[in-house]
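Please walk me through this structure, with attention to its charged pairs and its surface.

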Amino acid sequence: MSEDNDTDAAGRSSAEKTKAALIEAGLRLFGEKGFAATSTREIAAEAKANIGSIAYHFGGKGELRDACAAHIVETIARVADPVLAAMPPPTDRAAAEAQLRIATERMAGFLVAAPEMSSFVQFILREIHHPGRAFDILYAGLVEKVHRRLCAVWAVASGDDAESEATKIAVFTMIGQTVYFRIAREAVLRRMGWREIGAAEAGLITATVLENALAALAAHRERKP
């Protein structure tokens, strides 16, 4: 099987466009129906691609699943890495708190407002409930990496150890309250009376998440001897 090398306005070849379409279809269908319940025929139809293109580009359905996980890691890394790379390891509480503010605002804004996060979150939740090779990719490239970095910053800001249970739970809580607005999006929209979560709504959510994170940090400091 071969594909022509025509390129689109973004400079992508036909092969690159097909791969991207298959990953997008895989993310949505695997997230909605689960891996076992999704057929290669459905994925190909969703991507408007030849069914043989899955084997050609990825090797099979399982490898496509892994590619979907890698795509999530790479996409979120493009948002998180520039922020993390621009922040040197904090040496004092003020610097650490400033970094937490920046990281929380960027993370919340992306998780809540980015359109692609809808299929990302559904896919991730499926993999968490049925962990396998794709979950390993997500965990190593995203969960552990981001969580460990935020734990290091939280530790300096709070005066606690980066690998303590208290620090790990605090950071999971900070991330979790943001993720809720994506997981329970429809419930949030209905209860808030919003038609969508646009820039203004995302700003309100982000401000509250940041306020909660800073309040938790202050409370943690007060509890320390």
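## Glu97 and its partner

In this predicted model, Glu97 is partly exposed, with a relative accessible area of 21%. That is just one side of a pair. Arg221 forms a salt bridge with Glu97, and their closest N and O atoms are 3.2 Å apart. The bridge links distant parts of the chain: Arg221 sits in helix 10 (residues 199–223), Glu97 in helix 5, and 124 residues separate them. Arg221 counts as partly exposed too, at 24% relative accessibility.

## Other salt bridges

How many salt bridges does the structure hold? There are 10. Side chains of opposite charge can pair when their charged atoms come close.

Are the two partners buried or exposed? Asp66 counts as buried because its relative accessibility is 11%, under the 20% limit. Arg133 is partly exposed, at 49%.

Lys33 and Glu42 meet in a salt bridge of 2.3 Å, N to O. Lys33 is partly exposed, with a relative accessible area of 33%. Glu42 is partly exposed at 28%. Elsewhere, salt bridges join Glu144, Arg148, Glu163 and Lys168 into a network.

Thr104 lies in helix 5 (residues 93–113). Its relative accessible area is 1%, so Thr104 is buried. Which residues does Thr104 touch, leaving aside neighbours within four places in sequence? They are Met174, Val209 and Leu210.

## A nonpolar surface patch

Tyr139, Val143 and Phe172 form a nonpolar patch on the surface. Together they have about 260 Å² of accessible area. Val143 belongs to helix 7 (residues 133–158). Its relative accessible area is 31%, so Val143 is partly exposed.

## The whole chain

The protein chain has 10 helices and 0 strands. Its C-alpha trace spans about 65 × 40 × 35 Å along the principal axes. Of the 225 residues, 42% are buried. Take the contacts between residues at least 6 apart in sequence: 65% of them join residues at least 24 apart.

The accessible surface comes to about 12100 Å², with 56% belonging to carbon and sulfur atoms. The chain carries 27 positive and 29 negative side chains. The centres of these two sets lie 3 Å apart.

Notes. Residues numbered from 1 in each chain as written. Predicted model: local features only at pLDDT ≥ 70, side-chain atom pairs only at ≥ 80, totals over all residues. Heavy atoms only, no water. Patch = residues over 30% accessible without salt bridge, like charges linked within 9 Å, V, L, I, M, F, W, Y side chains within 5 Å. Areas by Shrake-Rupley, 256 points an atom, 1.4 Å probe, with all protein chains shown as cover. Salt bridge = Lys/Arg side-chain N within 4 Å of Asp/Glu carboxyl O. Helix = DSSP H or I, 4+ residues; strand = E, 2+ residues; numbered from the N terminus. Buried < 20%, exposed > 50% of the residue type's maximum accessible area, 1.4 Å probe, protein only. Contact = heavy atoms within 4.5 Å. Lys, Arg positive; Asp, Glu negative; His and termini not counted. Charge placed at Lys NZ, Arg CZ, Asp CG, Glu CD.
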